[in-house]
Amino acid sequence: MKPETKQILLFLLLTFFISWVFMFGELLLPDADSPIALLLTILSVFGPGIAVLIVSRKNMSFKEFLIRTFTFEQRLSYYLIFLVWAVWRYLLCMLVGARVEGSSLILPLIMLPISIFTGGNEEIGWRYLQTLMEKKMHSVYAALIFSVILTSWHFPLFFVPGDWRKTLFDFFVIQLGLCLTNAITFAVIYKLTNSVSLCILAHAWGNSITLTFLPPGDIKTIVGFVIECIIGVIILVLCGKGIIKSAEKRTRSQLEST
């Protein structure tokens, strides 16, 4: 078995074990809205990040891990890429989503800092997985497989009282559709910026938006997210052919030319 395959399997085993322990632990609580339940939810999303620390400890020091994850000194163009997508996703969800009763149009912006710790930080691990998977296959195939992994990782939430995933349709259609779209989109953002930090912000922003505009899973939602998927796949294909240079290749070229 190749080293990348071993790393992928070990990462997934640790991620699912760590996260599911907290997720299923939440199900045992009598009150799903208690502070302990919220704490377990927060701890569960640290599963991918903790798994990375364990799997990569031989190849990456803790200092290198922090630099890789929390570097905000990016090109202005990288932040523009994130901003364009952030505006697009907000407008898309506003057009196709069902407005949550009592929510404010600026609620996503208010909730963004909180969402970083209740979902966004998953990207610490997921982008590491993307890097490993793309060593074995094209980025489009990696994103498709990852969407199934991500959907499966969320499975315990199907049983949490009060969660929006109340039916099999919600979970296997809406959840899978969101995971597929995010898998492709975040792969694109990471490919174009090589920034885990921007992926964390993107994931947190996407989660924050659903607090105001919950996609109902109707034809408008499907068309809207299919458009985002198609655009993302085109970009990944162009990156694979070298027509669009990924941030990693761009940096490597600059180092070789100096």
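The legends below describe views of a predicted model of one protein chain.

**View 1. Overall fold of the protein chain.** The secondary structure consists of twelve helices and two strands. Read from the N terminus, the elements follow the order α-α-α-α-α-β-α-α-α-α-α-β-α-α. The radius of gyration is 18 Å, close to the 18 Å given by the globule rule for 258 residues, so the chain is as compact as a globular protein of that length. The C-alpha trace spans about 60 × 40 × 30 Å along its principal axes.

**View 2. Burial, contacts and surface of the protein chain.** Of the 258 residues, 46% are buried, where buried means under 20% relative accessible area. Among contacts between residues at least 6 apart in sequence, 80% join residues at least 24 apart.

**View 3. Length of helix α11.** Helix α11 covers residues 219-240. Its 22 residues should span 32 Å at 1.5 Å a residue, and the end C-alpha atoms lie 31 Å apart, which agrees.

**View 4. Buried side of helix α11.** The buried residues of α11 are Thr221, Gly224, Phe225, Glu228, Cys229, Gly232, Leu236 and Cys239. They cover an arc of only 130° around the axis, and therefore lie on the same side of α11. An α-helix has 3.6 residues a turn, so residues three or four places apart point the same way.

View 5. Gly242 follows just after the helix and takes a positive phi of about 85°.

Methods:
Residues numbered from 1 in each chain as written. Predicted model: local features only at pLDDT ≥ 70, side-chain atom pairs only at ≥ 80, totals over all residues. Heavy atoms only, no water. Helix = DSSP H or I, 4+ residues; strand = E, 2+ residues; numbered from the N terminus. Expected span 1.5 Å × (residues − 1). Buried < 20%, exposed > 50% of the residue type's maximum accessible area, 1.4 Å probe, protein only. Arc of directions from axis to C-beta. Rg over C-alpha atoms; globule rule 2.2 N^0.38 Å. Contact = heavy atoms within 4.5 Å.
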